[in-house]
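Here is a short report on one predicted model.

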Amino acid sequence: MAIDFEMTPRQRKLKYDAREFAHEVLRPAAERADALRDPQEAFVAMKPAFEAATALGYATSFLPAKHGGGGATLVDTLIVTEELSAVDGGFPTTLLVNGLALMPLTWFGTEKQCATWIGRAADRASTDFLGGWVGSERGGTANFDHPSPMAGIQLVARPDRADGTLVLNGEKHWPCNAGGWDLRGADVSLCIVRTDPAKGGREALSAVLVERGTPGVEYRVIDKIGHRTCQNVTMTFHDVRVPAENLLAQGDGDLVINRNFTWSGPIAGIAAVGVARGAYEFALKWAKTYTGGGVTPIINHQAVGYLLAEIAARIEACRYMCWKAAHYMDAHDNSGHALSGLNKTFCTEAMQRVVVDCMRVVGVNALDRRFGLEKSYRESIVFPLYDAGNLAMQRRRAWGVMADPGFTPDLFVDSEAFAFTKSMEGYGVGTEMR
């Protein structure tokens, strides 16, 4: 039978090894870090756990083996991500943003760029390598493919042919990992820039690698209510000079954005599943032991039993949707733009509702910080908003693919390849596009 949801023995070992790490190493570190008031201190407090995770390969397992990475499938990446997220939703983001920074080099970069940066990340002597993903801007990024040069990405990179550099000016808001452990920058950050100030987003955008310690970059840490164990910053660029050889995907920065958020969609979806599963495990145990002042555990009450059954069904359904999206993308070179967008939006929103329902099972005690559901709630509300927000970018990406004349409802169930093109961009950014 071709359709098979059974893990291999290797994948089961991967799952339980990750669960052991999550409980023994990640949980105590995340509990301490989440309680710290200063967001940068919270991030730095996770460094020993990050180094331990790197030693296990979690920070580079998804990178291509030919460049020194682990060569893991996306399905395998999801298995590990769920286990880590069931303990803390922010920490896996730090690990996987290395992928958002480095995977585009394998799709759009040169062999030299891959060898330099993926090789450095995968070097066994490098236990704290951070890659930054720098796309979002304060004015919003959902309209990155807008036809007006005044809309979308406004971090401008202008060539200085006198010294062979690109000069960057502008600001980015919400980049992850980009500040680095000491606010002198990640080891390298992949920045989406405007290289042609006269054209729209489908022609004017490119990507640039900005190395740690590059003069002229200022970092300010954002204080968040959730995902406090990972770092987000505001980056300001003041005449920042980078070598012209650090440029990639010239004129195709829009495709970098789309492909990156395609790769990360199922990862965000399974992270939401992990957070919801952690809440469900607590609520189920609570319902089997707590009587609510009665004479029998509350799981014996019909309302509680029905709600727990609904919670369990939604978690199972979303896990398998994530697996399906990852399996499809593994089969088609990470191309699955619509399915990824559908997966990310549906699952992150469904899992947020699951966490709320788990709190309903526990009742007012869910508000007690000692029990952890308060943290699960703070983590769950992040997923629909980050990694290309659901209301704008993710649904719009799926819409563009579905509007293509070649798209059919059987596409994903039949696992047929369907290439993403620039003609699928621009939906919803303004009437002048269509």
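Helix α10 spans residues 337–362. Its 26 residues reach 38 Å from first C-alpha to last, close to the 38 Å expected at 1.5 Å a residue. Helices here are DSSP runs of H or I with at least four residues, and strands are runs of E with at least two, numbered from the N terminus. The expected span is 1.5 Å times one less than the number of residues. Of the 26 residues in α10, 19 are buried (under 20% relative accessible area; exposed is over 50%, partly exposed in between; 1.4 Å probe, protein chains only). Just after α10, G363 takes a positive phi of about 85°.

This is a predicted model: local features need pLDDT of at least 70, side-chain atom pairs count only at pLDDT 80 or more, and totals for chains, interfaces and linings use all residues. Residues are numbered from 1 along each chain as its sequence is written, and side-chain values use heavy atoms, without hydrogens or water.

G164 sits in the loop between β2 (156–160) and β3 (165–176). Why does G164 count as partly exposed? Because its relative accessibility is 40%. G164 touches P243 and A244, leaving aside residues up to four places away in sequence (contact: heavy atoms within 4.5 Å).

| Pair | Separation |
|---|---|
| G164 and G135, in sequence | 29 residues |
| G164 and G135, C-alpha to C-alpha | 24 Å |
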